[in-house]
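Please read them beside the sequence and the coordinates.

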Amino acid sequence: MALNLYAEYGDMAEARGLLRGGLMQRDADYGSIYRGWIAMEADHAGNVDFARALFGEWRALCGDEDGGFWCRYIAFEARHGGARRARDVAEAAVQACPGEPAVHAKCARLELLLGHEDRALAVLARGLAAFDSDAAAQEWLVDQVRVYRDALRRRTLAGRLRSCCRAVMASRRPRGYERLQTV
């Protein structure tokens, strides 16, 4: 509702007031409100610093043990903060949630996204060591990182093939072109 208010009237103050009021409700879903508010600030209003402050509020309210929070914060910094900030958040996430496989997987996928497969494998190895007594968690971790790595490789390869095909196809004249010139 706040995003619609902002999109329709451009009134960020009113939208912020609506979201702040939602946080004051007794049965508020803090995660949903903060996720929506952060997306509105960073992606629609372009106010990344305010969105970063909202992550700080969310962390103070919900505590450090929420793996979902940390995964979203890593993704946010990867999009808006750059490699150094994203890595700093990833390190803090692993320290805060050492028993959360999703955090370890997100950290390894971050390194893959940044183009450092060797670092990703090192992060994965640390994650596997953290879950040495949980075979299901280890298998899940490996699957998550492998699937993401393969998707990045396919996307990169597919993108290269598409651009190559466009260059070749653009240089060919359509059939019948010679006949059109003679008429």
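1. Arg 52 is a buried residue in this predicted model, because its relative accessible area is 14% and the limit for counting as buried is under 20%. Its salt-bridge partner is Asp 49, with the closest N and O atoms 3.3 Å apart. Asp 49, by contrast, is exposed, with a relative accessible area of 57%. Both residues sit in helix α4 (residues 48-62), and because they are three residues apart there, about one helical turn separates them.

2. A second salt bridge brings together the side chains of Arg 84 and Glu 91, at 3.7 Å from N to O. Here both partners are partly exposed, Arg 84 having a relative accessible area of 49% and Glu 91 one of 47%.

3. Which residue forms a salt bridge with Arg 153? The partner is Glu 117, and the closest N and O atoms of this pair are 3.0 Å apart.

4. How do helix α5 (residues 67-80) and α7 lie relative to each other, roughly parallel or roughly antiparallel? Their axes come within 9 Å and cross at roughly 10°; angles under 35 degrees count as roughly parallel, and the two helices are therefore described as roughly parallel to each other. On the α5 side the contact involves Gly 67, Trp 70, Cys 71, Ile 74, Ala 75 and Ala 78, which meet Ala 102, Val 103, Lys 106, Cys 107, Leu 110 and Leu 113 of α7. Sorted by class, this contact has ten nonpolar residues, one polar residue and one charged residue.

5. Helix α7 also holds His 104, which counts as buried at 5% relative accessibility. Leaving aside residues up to four places away in sequence, His 104 touches Val 94, Cys 97, Pro 98, Val 123, Gly 127, Ala 130, Phe 131 and Leu 141.

6. Taken as a whole, the chain has ten helices and zero strands. Of its 183 residues, 31% count as buried. Among contacts with a separation of 6 or more, 49% are between residues 24 or more positions apart.

7. On confidence, the chain averages a pLDDT of 85, and 83% of the residues score at least 70. Among the elements, helix α7 (residues 101-113) has the highest mean pLDDT, at 96, whereas helix α10 (residues 177-182) has the lowest, at 58. Where pLDDT is low, the predicted coordinates should not be read in detail.

Note on methods:
Residues are numbered from 1 along each chain as its sequence is written. This is a predicted model: local features need pLDDT of at least 70, side-chain atom pairs count only at pLDDT 80 or more; totals for chains, interfaces and linings use all residues. Side-chain values use heavy atoms; hydrogens and water are left out. pLDDT is the predictor's confidence in each residue, from 0 to 100. Helices (H or I, at least four residues) and strands (E, at least two) are DSSP runs, numbered from the N terminus. A salt bridge is a side-chain nitrogen of Lys or Arg within 4 Å of a carboxyl oxygen of Asp or Glu. Buried means under 20% relative accessible area, exposed over 50%, partly exposed in between (1.4 Å probe, protein chains only). Axes are lines fitted to C-alpha atoms, for helices over the stretch in contact, and angles run from 0 to 180 degrees between N-to-C directions. Angles under 35 degrees count as roughly parallel, over 145 as roughly antiparallel, 65 to 115 as roughly perpendicular and the rest as oblique. Contact means heavy atoms within 4.5 Å. Ala, Val, Leu, Ile, Met, Phe, Trp, Tyr, Cys and Pro count as nonpolar, Asp, Glu, Lys and Arg as charged, and the others, Gly among them, as polar.
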